[in-house]
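User: I would like to learn how to read pockets and sheets in a protein model. Could you take me through the general idea and then the case at hand?

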Amino acid sequence: MRHRDYMGLALEEARKAFALGEVPVGAVLVKEGRVIARAHNGKETLQDPTAHAEILALREGAKAMGTWHLEGCTLYVTLEPCPMCAGAIVQARVDRLVYGATDLKGGAVESLMNLVQDPRLNHRVEVIAGIREEECKALLKEFFQGKR
């Protein structure tokens with residue numbers, strides 16, 4: 001599979017979040033071509049402020065792998081991660097982050113800051129941005145238009 005294909009799986013997760021009334025963000029964790037974990041936003045459903053798609057995917061991935069060290073993994077996310085999620089990605093030692101849409105109001109990879117590549121931290125993450133960006137943006141736009 002290619003980046004577009006894995007982002008398609010993340011978009012499937014985002015659509016699940018949308019159907020539940022959650023902000024439509026999805027995440028997929030991949031290692032050596034195999035999907036280790038999939039998740040979508042669950043803040044409202046779980047009443048948990050940390051239940052972002054990325055955090056839930058990292059937790060599921062760590063459980064599946066039996067370690068919090070997620071070296072060799074790529075995390076695909078439909079939206080640029082926030083500071084909390086960017087920090088968790090660094091802490092988990094994820095090798096690569098691939099995301100779709102930028103988050104000009106809360107993104108911590110390029111929009112507000114670049115936490116995942118900060119040279120002061122002990123781990124830096126390779127970043128690939130803009131994969132299926134228009135689809136990711138469109139889903140978010142549709143969700144928020146429905147909220148107004």
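Analyst: On a 1 Å grid over the protein atoms alone, a pocket is an open set of points, where a 1.4 Å probe fits, with protein on both sides within 12 Å along at least five of seven lines, and lining residues have an atom within 4 Å of a point. A volume is the space filled by probe spheres set on the points, which are joined across faces, edges and corners. This is a predicted model, in which local features need pLDDT of at least 70 and side-chain atom pairs count only at pLDDT 80 or more, whereas totals for chains, interfaces and linings use all residues. Residues are numbered from 1 along each chain as its sequence is written, and side-chain values use heavy atoms, without hydrogens and water.

User: What is the volume of the largest pocket, and which residues are closest to its centre?

Analyst: The volume is about 700 Å³; 27 residues line this largest pocket, and Val23, Leu79, Asp103, Leu140 and Phe144 are the closest to its centre. With helices (H or I, at least four residues) and strands (E, at least two) taken as DSSP runs numbered from the N terminus, helix H5 gives the most to the lining, 8 residues.

User: How is the sheet read, and which strands stand at the edges?

Analyst: Strands of a sheet pair through backbone hydrogen bonds, either parallel or antiparallel. Two strands count as paired if DSSP finds at least two bridges between them. Here an open sheet of 5 strands has the order E2-E1-E3-E4-E5, with mixed pairing. Strands E2 (34-40) and E5 (126-129) stand at the edges, each with a single partner strand, so one side of each lacks a neighbour in the sheet. Strands E3 and E4 run parallel, joined by 5 bridges, and Leu79 has Ala101 in E4 as its bridge partner.
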